[in-house]
Amino acid sequence: MPTLKGLHHVALFTLDMDETVRFWTSVLKARLVRAGAQDEIDPGLRQYYFDVGGSLIAFFHFPAQDRETLQFGWMHHVALTA
């Protein structure tokens, strides 16, 4: 059985990826370590990962016609390093 080594990342939803990236890089000075789109899986899906002291915080943007479907504060998942 694997031994847990700590938190790998937390994934959150965002409705405004540009503002999220600006806030985490300019205000919090977090280092952007990965950015990408997965149009082949979900058109318009964008994901950005920021280093927050050895763990990552990830933000996902899913374009939704009904913005009420993705409320502020919803969490996508937590990932552990083992």
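How many salt bridges does the count come to? The count comes to three salt bridges, a salt bridge being a side-chain nitrogen of Lys or Arg within 4 Å of a carboxyl oxygen of Asp or Glu. The structure is a predicted model, in which local features need pLDDT of at least 70 and side-chain atom pairs count only at pLDDT 80 or more, while totals for chains, interfaces and linings use all residues. Residues are numbered from 1 along each chain as its sequence is written, and side-chain values use heavy atoms, with hydrogens and water left out.

**View 1. The buried face of helix α1.** Helix α1 spans residues 17-27, and its buried residues are M17, T20, V21 and W24. Helices (H or I, at least four residues) and strands (E, at least two) are DSSP runs, numbered from the N terminus. Buried means under 20% relative accessible area, exposed means over 50%, and partly exposed lies in between (1.4 Å probe, protein chains only). Seen down the axis of α1, the buried residues fall within an arc of 95°, so they line one face of the helix; the arc is that of the directions from the helix axis to the C-beta atoms. The cover over these buried residues includes β3 (46-51) and β4 (56-61), where contact means heavy atoms within 4.5 Å.

**View 2. The start of helix α1 and the loop after it.** At the start of α1, a side-chain oxygen of D16 comes to within 3.4 Å of the backbone nitrogen of D18. K29 follows α1 and belongs to the loop between α1 and β2 (31-37). The phi of K29 is near 60°, a positive value in a residue other than glycine. K29 counts as exposed, at 63% relative accessibility.

View 3. R46 forms a salt bridge with D18, and the closest N and O atoms are 3.2 Å apart. R46 lies in strand β3 and D18 in helix α1, so the pair ties together parts that are 28 residues apart in sequence. R46 is partly exposed, with a relative accessible area of 25%, whereas D18 counts as exposed at 54%.

View 4. The side chains of E19 and R22 meet in a salt bridge (2.6 Å, N to O). These two residues are three residues apart in helix α1 and are therefore separated by about one helical turn. E19 is partly exposed, with a relative accessible area of 36%, and R22 is partly exposed at 38%.

View 5. R31 and D51 join their side chains in a salt bridge (3.3 Å, N to O). The pair links distant parts of the chain, with R31 in strand β2 and D51 in strand β3, 20 residues apart. R31 counts as exposed at 53% relative accessibility, whereas D51 is partly exposed, with a relative accessible area of 22%.

**View 6. A nonpolar surface patch.** F23, V27 and L28 make a nonpolar surface patch of about 250 Å². Patches are made of residues with over 30% relative accessible area and no salt bridge; like charges are joined within 9 Å, and nonpolar side chains (Val, Leu, Ile, Met, Phe, Trp, Tyr) within 5 Å. V27 is found in helix α1 and is partly exposed, with a relative accessible area of 46%.

Note on methods. A polar contact is a pair of N or O atoms within 3.5 Å; within protein, one must be able to donate a hydrogen and the other to accept it, and residues adjacent in sequence count only if both atoms are side-chain atoms. Accessible areas come from the Shrake-Rupley method with a 1.4 Å probe; for residues, only the protein chains shown count as cover.
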